[in-house]
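Please look over the model below before reading my comments. They are meant for someone who has not seen it before.

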Amino acid sequence: MTLTWCAELFFHTDRSGWDVPPQLLITTLRVKSDTGGEAVLLDGLEVVEAIKAQDIRLYDLITNSKYSSFRADDGSFVPRPIFDEKTGILRFRFDDGIQLSASLVDAFPKLRRLFYEYARPISLEPGQCYVVDNHRFLHGRTSFTGARELLRVLAYPHPPGAIKPIFFDVDGTLCRSEALSIDAYYRCVSDIVGKPITHENTKVNLHGQTDLSLLQDILRYHGLDEAAIEPAIRSFFNLHPQYLEASLAKGYRSERCPEADTLLDWLAAQKQQQQVDQSPGRGGPVI
């Protein structure tokens, strides 16, 4: 997605509400903003060790699921620790996707101070990327002005011998269809709800959300009763393809990214080479 202005994005884990968030986060800068927009990375385990050494009470708070809950895709909040000592997974965000106990809210200024103390800014140039362990590192971004575009991949590592699927965030990676998507999306939601709903009059958090959770937030923001949300969601997913076709007929287009063929050809070559290289006992992952 291309943005032209955005406030600071605080340290967070992508897909923090999932049972097991994707472990690999790959972020590539395609278009650099005029000012700001630096990535900020935080080694969460460094912070956890510092908390354990400095404040055992705060350590108990972040390692106990009684004190924090994260929003799942269905909109419910599931109790999960910020740092799970059993799995080693660190998860955090500071928006409407997390609920903190009063004790953690009181301790947040210290947690925030430690986050910034251990943070590492990274200034990427177009074509450069960073790869981090999403179970260990938190990432954020400074505020920026001017057009800025990122390509992002989330993935799970696979054991030897496993099939390795490749997933794409379609818009901005394989094709450019943002204007088409926005037109169809908001017209469909508007007709279902029965009043104009636009990107401009809908102030909800777009970051780190699936299509389902984003739709739930939009419906709640515009005052839809909880009992009416599920039927509205079903209607949306049934009707949305028709609105996409109508947006296409209005002249909105989905244009293939020029680099998409190069990427797909490279993946096909990698698969062919792996098949050639594979021998009994080696069992490398297959794309």
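The points below cover a sheet, a helix and some salt bridges.

1. The model is predicted: local features need pLDDT of at least 70, side-chain atom pairs count only at pLDDT 80 or more, and totals for chains, interfaces and linings use all residues. Residues are numbered from 1 along each chain as its sequence is written, and side-chain values use heavy atoms, with hydrogens and water left out.

2. Three strands form an open antiparallel sheet in the order S7-S6-S8. S7 (77-79) and S8 (98-100) are the edge strands with a single partner each, so one side of each has no neighbour in the sheet. Strands here are DSSP runs of E, at least two residues, and helices runs of H or I, at least four, numbered from the N terminus; two strands pair if DSSP finds at least two bridges between them. S6 (residues 68-71) is joined to S8 by 3 bridges, and Ser69 stands opposite Gln99 in S8.

3. Helix H3 (residues 102-118) bends by about 50° at Phe108, with Pro109 following within four residues. The bend is the angle between axes fitted to the seven residues ending at a residue and the seven starting there.

4. The structure has 17 salt bridges (a side-chain nitrogen of Lys or Arg within 4 Å of a carboxyl oxygen of Asp or Glu). Arg71 pairs with Asp96 at 3.8 Å between the closest N and O atoms. Arg71 lies in S6 and Asp96 in the loop between S7 and S8, so the pair ties together parts 25 residues apart in sequence.

5. Arg30 and Glu259 form another salt bridge, at 3.2 Å. These residues are 229 apart in the chain.
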